[in-house]
Amino acid sequence: MPLHESGYDRRRLRQWLAGDARADGVARRDMLRLLAAAGLTAAVPTALAAPAAAATTAAAGIVKPVPEDWFTIRGTNAETKFPSLAGTGYHTPIDHFFVRNHTSTPVLDAETWKLTVWGDGLAREEPVEFTLDDLKRFPATTRSAFVECAGNGRSFFTTQQGQPVTGTAWTLGAIGTARWKGVRLAEVLRRAGLTRHAVDVLPRGLDAEYVTADGTNLGHVRRPLPLAKALDDVLLAYEMNGEPLPPDHGHPVRVLVPSWVGIASIKWVGDIEVAAQPLYSPWNTDFYRLFGDAYPEGGSAPLTHQTLKSAFELDWNASLPAGAEHRLTGRSWSGAGGVVRVDVSTDGGTTWRRARLHDAPCRAGWVRWSTDWRPATAGTYTLLARATDTTGRTQPEATVPNTQGYLFDAVVRHPVQVG
Ligand SMILES: Nc1nc2c(c(=O)[nH]1)N[C@H]1C(S)=C(S)[C@@H](COP(=O)(O)O)O[C@H]1N2
Ligand SMILES: [Mo]
């Protein structure tokens, strides 16, 4: 069914035969370290034959309140209003955190919930089950990380660059940063009997099957992760900001894939397939790849890391008095590394000054920043904020378009009215 499945599959098959499939999106050097740490040798599995066939509210459905001051409702989703984050601290409070639901939030019972881990990448033929108590008995890890939708900022392809794109018309609020507690996926895979033949893991959600607008049932939300990422920094999270994971964010357990596109962080995870060959789902063949004039015929590789963005904690077209000093605040983040520098312009990009950063650069996190501004005269002004990350990348003036509007990273032009 997926249009681009065969092209994608050929690519993964080539990687697999070259012994590289499990490393998709992760540097080979890191893969060797990760495999060694998991007790697996990095040797190409020579005994394997080629596969016979390429395997082949308020708001509707949201449980928590989504007040208008804090959220914009977009279909089954709720976007955080950036101005409402001013003064909320580094971690996004759960009651402000955006919700992206393909269907609606299922209310699951943590007492009876089980995680099933299965597949030909495990030593045993029978599936292995874990209860929430089992997961809580394993060594716990706590870390901060953002979850950001790959389509965050999508509306600016249209409003700022004049390009048509499909998908939810997010502004910049499809992101939140939380403190997550859980068990490393590596730990659970090891206990499930991971073998050196494993290549991909495929977590699947317990929410309803997703049916597209044209009536195609794509099944449960699921997206394969290459083994090296799964063994690296991925968590099975059961707490968010010190509370049991709330219903809208995956109760009782979600996958948390730091720095990567939000779709990787499968909520309400019910089972994880561990496969000895590359896996695919519509969420890494048809969706979450870049299509368009600038990209190969079959699309880019499946998306991994998020990109670089900045947002002001200020209303769009905010009114500010002339002749007074204003403290402009905002946040910047990158999926490639920490943000080390933010420049702000209050004159449409003619002159720039460095903003004060209030957080140290942190992988998979954001930095809060501020700068003071005293506009002398009345009029419409355009504010810009431009981040640079630890890899040296700076937000560009425009993003190369892709038809589904993913990974917008251009500097956003934010209008304000001074009067
Ligand atoms: N099971 C399931 N997991 C899911 C989704 C979903 O609809 N169902 N949406 C994904 C997408 S596209 C994003 S951006 C994030 C959003 O996480 P949040 O709702 O906790 O902010 O969850 C991901 N995990
Ligand atoms: Mo998303």
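1. A polar contact here is a pair of N or O atoms within 3.5 Å; within protein, one must be able to donate a hydrogen and the other to accept it, and residues adjacent in sequence count only if both atoms are side-chain atoms. This is a predicted model, in which local features need pLDDT of at least 70 and side-chain atom pairs count only at pLDDT 80 or more, while totals for chains, interfaces and linings use all residues. Residues are numbered from 1 along each chain as its sequence is written, chains are lettered from A and ligands numbered from 1 in the order in which they are written, and side-chain values use heavy atoms, with hydrogens and water left out.

2. Backbone contacts of ligand 1: an oxygen atom of the ligand is 3.0 Å from a polar backbone atom of Arg100, and an oxygen atom is 2.8 Å from a polar backbone atom of Phe98. On the side-chain part, an N or O atom of Asp207 is 2.7 Å from a nitrogen atom of ligand 1. The protein buries 100% of the 540 Å² that ligand 1 exposes when taken alone (accessible areas by the Shrake-Rupley method with a 1.4 Å probe).

3. Around ligand 1 there are 21 residues, of which Phe98, Asp207, His249, Arg254 and Lys267 come nearest (a residue is near if one of its heavy atoms lies within 4 Å). By class, this shell has 10 nonpolar, 6 polar and 5 charged residues; Asp, Glu, Lys and Arg count as charged, Ala, Val, Leu, Ile, Met, Phe, Trp, Tyr, Cys and Pro as nonpolar, and the others, Gly among them, as polar.

4. The peptide bond from His251 to Pro252 is cis, with omega near 5°. Pro252 lies in the loop between strand 10 (243-244) and strand 11 (254-256) (strands are DSSP runs of E, at least two residues, numbered from the N terminus). Most peptide bonds are trans.

5. An open antiparallel sheet has 4 strands in the order 13-15-19-18 (two strands pair if DSSP finds at least two bridges between them). Strand 13 (309-312) and strand 18 (356-357) each have a single partner strand, so one side of each is left without a neighbour in the sheet. Strand 18 pairs with strand 19 (residues 366-373) over 2 bridges, and Arg356 has Ser370 as its bridge partner. In the loop between these two strands lies Ala364, with a positive phi near 65°.

6. Strand 20 (residues 379-389) pairs antiparallel with strand 16 (residues 339-345) over 6 bridges, with Asp343 opposite Arg386. Strand 20 is also joined to strand 21 (residues 414-418), antiparallel, by 5 bridges; here Thr380 stands opposite Gln417.
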